[in-house]
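Here are some friendly notes on the aromatic side chains of this model. Please have the structure open as you read.

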Amino acid sequence: MTSSTVAGESRTRQAPPQAVAPDDLRIFKRKPKRKWAQGYRPSPDLLPVLVDERTYASRRRRSHIDAASLLVLVVILIQLLPSRLVVPDLTSVGRPGLLIGLLLAVWWMLSKLHPRLAMIGPQPMRWAFVVYALTLLLSYAAGQFRGLPVLEANSADRALLGALAFMGIVFMTADGVPTRDRLDDVQRVLVYCTGINAVLGIMQFVTKKDLTQSIVIPGLTLQGELVGLADRGGGGLIRVAGTTGHFIEFSVVMAFAVPLGIHYARYASTKLERRIFLVTTLLIAGSIPLALSRTGILAVGIALLCMWPAWNWRFRFNVVVISVGLLALLSVIRPGLLGTLRSLFSNAEDDPSIKGRTDDYAIVFQYASERPWLGRGTGTFIPELYRYLDNQWLMTLMNNGYLGIAGMVVLHFSGVFLAIIAFRRAENEVDRHLCAAISAVPLIAALTGLTFDSFSFSTFVVVLALQLGAAGAMWRFTHPARTTRGAAVGALQQQR
């Protein structure tokens with residue numbers, strides 16, 4: 001009996017599953033005997049499926065460590081440990097969270113060597129990343145052919161290792177997360193850890209002390225100095241970065257989590273959990289202005305615009321009221337904060353940081369004209385040697401040329417489009433709302449890449465990778481041709 005795969009799961013070509021008598025399904029309908037389990041409600045994702053000939057597997061079988069478990073570990077390590085804490089002698093790729101990302105990449109590749117493992121079937125996010133990865137490899141080869149100094153060659157190797165960790169997180173989220181519930185587990189942990197990071201940033205703002213200096217982990221060492229705190233706007237205002245590597249990165253990572261926090265504040269399973277997520281989301285949103293960054297304000301605005309179509313008018317009104325109330329609270333707690341943020345936009349034409357960004361264009365396009373298609377080589381444009389570029393798209397143009405720009409466009413907007421497709425396929429309001437929240441992240445990443453070199457910061461990259469993979473996972477979960485999951489054990493055994 002041959003097998004074929006559709007939407008990431010296996011099914012047989014011999015015959016469709018037979019209708020199941022009501023008596024055969026009583027194992028899924030009977031009530032649990034223990035009092036603590038009275039709230040248990042079977043999920044369709046727990047029904048058994050036929051994986052392959054001579055193989056019977058059930059999603060009721062519990063796995064102690066799955067892809068979602070390691071993704072949760074990645075989130076915890078990336079969000080809660082300072083970005084400069086690395087394994088000794090491993091430079092920026094030595095962040096513990098990135099090392100787990102490399103392990104996920106190896107796991108995914110090994111799974112492709114076994115014909116009966118479940119990570120098979122169509123997945124557009126794989127092809128989107130393949131396009132992006134090909135541009136990196138072609139540019140890497142072009143850089144090697146032109147000859148590289150030692151510093152540039154080492155930087156190119158680190159860039160490929162970072163891309164491999166990025167791939168592991170994207171692929172294992174898109175292909176490896178087994179059920180919709182496990183995807184929720186990963187997303188909830190991301191919101192909670194981002195909330196902890198936000199609280200740390202708020203404490204830095206209040207105490208005017210860099211509390212990350214007190215985080216010491218045996219076996220890890222600091223790669224350079226922590227970003228610390230910085231004055232901006234006068235009046236004693238400081239910028240905070242939490243555990244991230246830059247103030248702008250902090251504000252954007254917080255903005256990434258706002259739509260996800262709103263989702264679980266609205267749809268968490270219990271009233272208590274919904275309240276916890278509401279408080280967490282307010283803390284995350286309230287920490288964004290503390291970075292004193294235009295980029296963070298624009299990012300959270302983009303997030304709310306992406307979520308707007310998924311809300312009814314009553315919920316939109318509630319979001320507007322809560323937003324106004326949060327701004328009023330910030331103005332009372334720290335007078336001058338909102339005025340400083342307003343001046344960042346109103347005086348943008350006189351801001352030296354804006355002028356510096358616009359001055360980069362002429363120089364970058366002059367460099368790019370020498371190697372327009374593949375650039376200088378992946379990871380070879382080192383700011384310390386050449387020039388700092390607060391623009392990821394210009395950095396990509398320098399490193400990977402116009403083909404690299406095309407690969408970046410495919411990568412980001414594939415995540416947006418897959419989330420939109422899943423939004424349109426979804427059969428319930430909860431899934432549609434989550435798809436809207438996921439679609440906001442790659443769109444924020446694409447637009448904020450115009451204001452800072454985003455791919456130079458690993459916390460940003462890891463959260464983006466998770467949401468690109470989540471878009472692929474939701475595309476898979478909502479696929480109309482998924483294997484029929486209404487067959488019980490008896491019916492499946494009759495097929496053998």
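1. Let me start with the charges over rings. The charged end of Arg 266 sits over the ring of Phe 315, 4.2 Å from the ring centre. Likewise, Arg 316 has its charged end over the ring of Trp 313, 4.4 Å from the centre. Here a charge sits over a ring if NZ of Lys or CZ of Arg is within 6 Å of the ring centre and within 35 degrees of the ring normal.

2. A word on the basis: this is a predicted model, in which local features need pLDDT of at least 70 and side-chain atom pairs pLDDT 80 or more, while totals for chains, interfaces and linings use all residues. Residues are numbered from 1 along each chain as its sequence is written, and side-chain values use heavy atoms, without hydrogens and water.

3. The structure holds 20 aromatic pairs (rings of Phe, Tyr and Trp, the latter by its six-membered ring, with centres within 6.5 Å; planes under 30 degrees apart are stacked, over 60 edge-to-face, the rest tilted). Tyr 264 and Phe 277 make a tilted pair, because their planes meet at 35°, with the ring centres 5.4 Å apart. This pair links distant parts of the chain, 13 residues apart: Tyr 264 belongs to helix α7 (residues 247-267) and Phe 277 to helix α8 (residues 271-287). Helices are DSSP runs (H or I, at least four residues), numbered from the N terminus.

4. Tyr 361 and Phe 365 form a stacked pair, 6.5 Å centre to centre with 20° between the planes. Both lie in helix α12 (residues 352-368), four residues apart, about one turn of the helix. Tyr 361 is partly exposed at 35%, as is Phe 365 at 39%.

5. Tyr 361 and Phe 365 also belong to a nonpolar surface patch with Leu 138, Trp 373, Tyr 402 and Leu 403, with about 610 Å² of accessible area together. Helices α12 and α13 (392-425) each supply at least two of the patch residues. Trp 373 lies in the loop between α12 and α13 and is exposed, with a relative accessible area of 56%. Patch residues have over 30% relative accessible area and no salt bridge, with nonpolar side chains (Val, Leu, Ile, Met, Phe, Trp, Tyr) joined within 5 Å and like charges within 9 Å; a salt bridge is a side-chain nitrogen of Lys or Arg within 4 Å of a carboxyl oxygen of Asp or Glu. Areas come from the Shrake-Rupley method with a 1.4 Å probe.

Notes:
Buried < 20%, exposed > 50% of the residue type's maximum accessible area, 1.4 Å probe, protein only.
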